[in-house]
Each structure stands twice: as C-alpha cells, then as structure tokens.
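I opened my notebook to look up two things here.

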Amino acid sequence: MKIRSVKGTRDILPDEVGAWHRIEARGRELFARYGYREIRTPVFEETELFARGIGAETDIVAKEMYTFEDRDGSSLTLRPEATAGIVRSVIEHNLMSSDPALKVYARGPMFRRERPQKGRYRQFHQVDVEAFGFTSPTIDVEVVELSLAFLDACGVESHELVLNSVGDRNCRPAYVDALRAALRDRASGLCADCQRRADTNPLRVLDCKVPGDQAVIDSLPRIVDHLCAECRDHFAEVKRQLELLGIPFRESPRLVRGLDYYVRTTFEVVSGELGAQNSILGGGRYDGLVRDLGGPDVAGIGFAVGLERLAMLLPPREEGGRCDVFLAPLTPPAGDRALLLQRKLREAGVRAMLDPEGRSFKSRMKQADKLGARFVAILGEDEMARGVWTVRDMASSTQEDVPDQGILDHLKEKTNG
Ligand code: HAM
C-alpha cells in the first residue's frame with residue numbers, strides 16, 4: 001500500500017514555496033525595522049510548560065496536544081504554539097537582564113490535533129512576534145500595527161482588525177463570577193462542551209462556535225462592562241492611539257481567544273475570504289505569564305500569524321524562470337566542454353543547467369523552455385569544427401555564433417552573472 005501524508009499535514013511543494021520565501025523575507029525585513037530579532041526554540045518541550053502556560057482547561061491543552069512519553073518516562077509535547085516556549089527560553093537564559101525591552105520573533109511548525117478542514121491543519125506554521133518588558137498601551141498599538149504592516153507587506157488586501165480587552169487579575173475574577181451566575185440559568189440550552197465549560201472555565205463559552213449556542217452567548221454579561229479603572233483606561237488609550245494612526249478596528253466583547261494567558265488587549269485579524277477558519281492572526285497581552293512560569297514579573301505582548309492561511313490569501317504570482325543558460329552538447333566530446341562551461345558559469349553566479357541524459361535535441365529544447373531558460377548554448381560537431389557555440393536567445397528566437405574562447409564572458413554579460 002502507498003504511504004500517504006498523515007491526515008491534517010500537507011507538503012509545501014516546489015511550485016508553492018516561492019510564496020513562503022516571500023512571506024519569510026518580508027517578515028525578516030519588517031521585524032528588523034521594528035527592532036525585533038529572531039529566536040529559535042525547539043519544536044518539543046516538557047508537557048507541563050504548555051499545561052501551565054496555555055491553561056489546562058483550554059481546548060488546545062485538553063484535547064489537541066501531541067503528547068508522548070519519552071524513553072525516560074518524561075512527558076513531552078510537540079509545541080501547539082510558540083509563546084510558551086519563547087517565555088521558557090527568556091527565563092532560562094535570563095534574556096531580560098541584558099535586554100529589559102526584549103523584542104523577538106520566531107517562525108516554524110506548530111502541532112494541534114484539530115479536525116482538519118480548509119485552513120486548519122494538524123501541522124501548520126506560524127510567524128510569531130513577542131515584546132517583553134513594555135506595559136504602555138503604545139506597545140499594544142505598535143504590535144497591532146506591526147501585524148497589519150506584515151499583512152500589507154505580503155500583499156494581503158482585505159482584512160479586518162477585531163479588538164477587545166479581557167481585563168486583568170483584578171477585575172476578571174468578578175466578571176467570571178458574573179458569567180458563571182448568568183450561565184447557571186442558561187447553560188442547559190448550550191452544547192455539552194459549554195455546559196462543562198460553564199463550570200470549569202466560563203470564559204471559554206464565549207468562543208464557542210456552535211450555531212445553536214450563539215443567541216444565549218450574545219445575551220451573557222460583557223467583559224467590557226466589568227473592567228477595573230486601570231484596564232478601562234488602558235483599553236481607551238489603545239483605541240485612541242489606533243484612531244490617531246488611522247487604523248480601523250471593530251470591537252468585539254466576545255474575543256477572549258483560546259489561550260488562558262491573556263490579560264487586557266486581545267486582537268485578531270480576520271478575512272472573509274478564508275471561510276470558516278477566518279482568523280489570519282491573533283494575539284494579545286500576557287502580563288503575568290513570565291512570572292507564572294518562574295521568571296521575573298515582566299509584561300509581555302505578541303501575536304502569531306498562520307502562514308497557510310496567509311499564503312491562501314496571496315494573489316497568485318508568476319514565478320520567474322529557473323535557468324539562465326541551458327547547455328545542449330550534441331556529442332560526447334562536446335559534453336565534456338559543456339560540463340566545464342557549466343561549472344564556470346555557476347561559479348560566476350549564472351544559473352546554468354546541462355542535461356546529462358543525452359536526449360534528443362528536440363526534447364532538450366522543450367526542457368529548456370520548461371525551465372524558462374533565457375539562452376541555450378548548443379555545441380555540435382559543426383560548432384566544434386568551427387570553434388564556436390551556437391547561442392540561442394529564447395525570447396527573440398534568434399541565434400548567433402560565439403567563439404569558444406569568449407563564450408564564458410559573453411554568457412556572463414548577457415545574463416548579468
Ligand atoms: P492562535 O490564535 O491560537 O494564537 O493562533 C494564531 C494563528 O495561527 C491563527 O490566527 C491561525 O492563523 C493560525 N492557526 C492556529 N491553529 C491553526 C491550525 N490548526 N491550522 C492552521 N492555522 C492555524 C497563538 O498561537 C498565540 N500563541 C498567539 C500569540 C503570540 N499571542 C501572544 N503572542
């Protein structure tokens with residue numbers, strides 16, 4: 001039986017990879033402009049990091065993690081997201097002591113055992129951006145603005161910023177109590193998951209997507225009406241500065257996000273073009289997480305973009321050819337000369353290709369065309385006798401003789417190698 005890719009995983013094929021390279025290059029360039037440096041952390045960590053960091057009652061930790069027992073009995077998990085691992089690394093290497101305003105980004109595969117569908121995979125990729133040590137609303141706005149600038153730089157055209165505040169450790173407990181009380185009468189009309197969450201983690205009821213639950217959820221108390229004065233002021237200032245910068249947003253009191261570490265600002269960018277999985281990126285503030293995981297009491301804020309979803313939104317682009325000069329030797333001695341010329345051209349930075357399979361002239365020309373070759377350099381018996389190469393310009397379909405001793409310089413000049 002044929003072995004196929006695992007359900008929920010996908011290959012990024014050579015025809016698609018150009019879009020991924022562009023996304024990664026735009027990110028690298030843009031994040032550097034905002035003062036972020038790259039950090040790379042392992043794809044697996046101790047399970048406890050995610051249980052404590054993301055929250056044991058979240059769907060991610062309760063249902064979606066790829067957890068396995070290592071040979072020494074320890075419990076390890078493939079990372080479902082990047083933030084917890086980055087926080088672990090910041091603490092372990094004491095990064096805040098040398099850089100009290102630490103800005104980092106990361107990218108790579110994440111793993112969640114969700115039900116696969118369009119835009120939702122079990123191995124997917126994120127670009128993740130985190131800023132540590134900033135408490136001011138100005139950094140919330142900068143991070144939001146950076147996330148939008150990234151989408152713009154990649155060429156995503158239509159999207160919407162959705163914004164909320166989820167309060168903090170002062171005001172959220174009272175709100176959660178109010179939510180629990182409201183749910184006491186209404187939970188019986190909700191799905192089984194929400195009936196459980198109503199008791200264990202009522203905030204999670206707010207991100208339920210079951211259609212039949214929506215009317216009840218919309219009738220529940222709203223967190224924005226329960227914010228303490230500090231959270232209210234912080235949120236008001238975030239909104240004021242977004243308006244100052246002319247960044248449109250929609251407020252959504254139900255945007256609590258699927259991870260427990262958030263406080264105050266939460267945000268997502270959604271696109272109508274993505275279907276059911278409409279969130280391109282999500283993030284927010286997580287002051288307290290570094291301390292809870294054993295580090296200093298520093299603030300944190302960040303976001304992560306789903307690269308599969310981002311790639312789906314990019315307009316298709318014609319990729320350029322893969323070859324500058326295709327070499328077509330027609331006899332064995334010509335083959336040796338072509339081999340030497342191929343090497344010299346490549347050393348000079350020219351994308352040269354030689355078909356070593358000795359196919360017919362016609363099939364080689366077809367291959368040169370498929371590779372998008374700009375020039376084909378032909379060396380047959382007749383050319384060998386005259387001490388020249390026939391160089392064919394594929395765009396204009398014209399040919400010229402080029403003396404053997406000048407062929408390298410000629411092709412270098414023609415291809416700007
Ligand atoms: P998240 O909302 O769970 O946040 O994921 C961020 C983005 O990753 C989503 O908006 C989506 O584009 C993509 N994504 C998530 N799950 C899948 C999936 N199964 N298949 C394809 N794409 C997916 C976080 O992960 C937080 N760590 C973000 C953050 C960073 N908050 C603060 N700093």
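Predicted model: local features only at pLDDT ≥ 70, side-chain atom pairs only at ≥ 80, totals over all residues.

A polar backbone atom of Phe303 is 3.4 Å from a nitrogen atom of the ligand. At Gly306, a backbone N or O atom lies 3.2 Å from a ligand oxygen. I then checked how covered the ligand is. Alone it exposes 660 Å², and the protein buries 96% of that.

Which residues are closest to the ligand? I counted 27 residues around it, and the closest are Glu81, Glu114, Arg257, Tyr262 and Ser279. I sorted this shell by class: ten residues are nonpolar, nine polar and eight charged.

I also noted where the shell comes from. Strand 6 (123-132), strand 10 (279-285) and strand 11 (300-306) each give at least two residues. Strand 10 has the largest share, with six residues.

Then I turned to Asp404. I found Asp404 in the loop between strand 16 (398-403) and helix 16 (407-415). Is Asp404 buried or partly exposed? Its relative accessibility is 27%, so Asp404 counts as partly exposed.

I listed its contacts, leaving out residues up to four places away in sequence: Asp404 touches Arg337, Gly387, Val388 and Trp389. With Trp389 there is a polar contact, side chain to side chain, at 2.7 Å.

Last, I checked a distance. Asp404 and Arg222 are 182 residues apart in sequence, and their C-alpha atoms are 79 Å apart in space.

Definitions and conventions
Residues numbered from 1 in each chain as written. Heavy atoms only, no water. Near = heavy atom within 4 Å. Polar contact = N/O pair within 3.5 Å; in protein donor to acceptor, adjacent residues only side chain to side chain. Areas by Shrake-Rupley, 256 points an atom, 1.4 Å probe, with all protein chains shown as cover. Helix = DSSP H or I, 4+ residues; strand = E, 2+ residues; numbered from the N terminus. Nonpolar A, V, L, I, M, F, W, Y, C, P; charged D, E, K, R; others polar. Buried < 20%, exposed > 50% of the residue type's maximum accessible area, 1.4 Å probe, protein only. Contact = heavy atoms within 4.5 Å.
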